[in-house]
Each structure stands twice: as C-alpha cells, then as structure tokens.
Amino acid sequence: KLYHFRVGLASLTLEVVFIMKAAAYARYSTDKQTENSIAYQMNAITKYCLDHDIDLISAFSDEAESGTNTDREGFQNLVRAAQNKEFEAVVIYDISRGSRDVADWFQFRKTMRALGVQVISTNQQLGDITNPNDFLIELINVGLGQHMVLDTRKKSMAGKSQKRALLWRKLSARIPNRKREICNRGKRSRFGTGNFYTLCSRGKL
C-alpha cells in the first residue's frame, strides 16, 4: 500500500507492505501413505509461502486420518486457532488434504470466509465461493476426491464378497452331496449343535 506525504514543497511516498500471517495444514490417510506425506506437503507449503511473501507462523496436521469427516484433532485445532484470529490465511497442499467430502469442505470454506480467513492451495486455484464459476471449479475438484473415496469403498466391499464366495466354494467342495443338501436347507447337521460353517472349518464334515 502506498502512502503519499507532502512537507512544504517536497513530497514523499512510502510503500508499506503488509505480510499475511498464515497457518499450514497437512493430512495423510491410511491409504498407502506414510509420515513422509506430511513432510512433503509441509515442504511444498513452506516454499509457496516464501515465494508469495506469506509469514507461516504455525502448522497443524493429522496423521493416518480419513478426509471423509472433520472429526480430526489437528483440523479442529486449526479451526479454533482461526476463530481466535491467530492468522489471516490457511495454506494447504490441495483440497483433498482438507477434505474429501463436498459438504464438509464447503462448510469449512464458509466458516473461514465468515472469519475473514483466506484458504490457499499450493497447486489449485481457490477463488471466491460466492462466484458461480469459482464455486463450480472448486465443486468439481472436491467432488473428484469424494468420488475416489466412494469408488474405493465399493471395490473394497466387492472384494470382501468375492472372498466369502471363494471360501464357500472351498468349504462346500469338501462336503458330500447329501450333507450339502441338508445344510443348504438351513437344517442342522447330525454332528452336534454346531452350525455347518463351524463344523466345516473344523474339518468335521
């Protein structure tokens, strides 16, 4: 910001630079990630702040925490610090580190906006969420993160079903036809009171 002063016939112009204070936030989940992910994100955030004359005064992180909810200690501490006016901006590596849930992400953005705190990504352009075009771009980015979570969850459930089916085929292959018929009808076998799966796993059938 420029300030102009005039003393007699002389004039003086002073340029005052306001350094934005910021907090860093990093997160990694259990999805094949390690502590090195936190260090990588923090390095990227630190470099970004140096390149853009931002004073990085604090850092928050969550290790082995899912981005599908905001019930994370580091994240909650970040929000409380913002409410206490400790900084003017939050710098993250990318949207997915903040949240992989559309509703949670935009709730966070609205909260920060109400507090006058800017949210900055080191490699994504985050605009004004009240601007239709900026909102749409951001919605697509966070939506892709949530889509990835849902797709991974679906594949995991399908994998478990396949394992159960494979186990059933292995077990049923060891059973004589007559005993298999009895079990398939939901009846108890003649081997005590244990159910079919327990007896089969113990090698009694």
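**View 1. The side chains of D62 and Y25 make a polar contact at 2.6 Å.** A polar contact here is a pair of N or O atoms within 3.5 Å, where, within protein, one must be able to donate a hydrogen and the other to accept it, and where residues adjacent in sequence count only if both atoms are side-chain atoms. This is a predicted model, in which local features need pLDDT of at least 70 and side-chain atom pairs count only at pLDDT 80 or more, while totals for chains, interfaces and linings use all residues. Residues are numbered from 1 along each chain as its sequence is written, and side-chain values use heavy atoms, with hydrogens and water left out. D62 lies in strand β4, and a polar atom of its side chain is 2.7 Å from the backbone nitrogen of G74. Helices (H or I, at least four residues) and strands (E, at least two) are DSSP runs, numbered from the N terminus.

**View 2. R72 and D62 are each buried without a salt bridge.** Buried means under 20% relative accessible area, exposed over 50%, and partly exposed in between (1.4 Å probe, protein chains only). A salt bridge would need a side-chain nitrogen of Lys or Arg within 4 Å of a carboxyl oxygen of Asp or Glu, whereas D62, the nearest side chain of opposite charge to R72, is 4.5 Å away. Lys and Arg count as positive and Asp and Glu as negative, with His and the chain ends not counted. R72, placed in the loop between β4 (54–62) and α2, reaches the backbone oxygen of N69 with its side chain at 2.8 Å.

**View 3. R72 lies over the face of F75, at 4.8 Å from the ring centre.** A charge sits over a ring if NZ of Lys or CZ of Arg is within 6 Å of the ring centre and within 35 degrees of the ring normal.

**View 4. Five aromatic pairs are found in a search of the whole structure.** The ring centres of Y25 and F75 are 5.7 Å apart and their planes stand at 80°, so this pair is edge-to-face. Rings of Phe, Tyr and Trp (its six-membered ring) pair if their centres lie within 6.5 Å, and planes under 30 degrees apart count as stacked, over 60 as edge-to-face and the rest as tilted. Because Y25 belongs to strand β3 (residues 20–27) and F75 to helix α2 (residues 73–83), the pair ties together parts that are 50 residues apart in sequence. Ring pairs link Y25, F75, W105 and F108 into a cluster.
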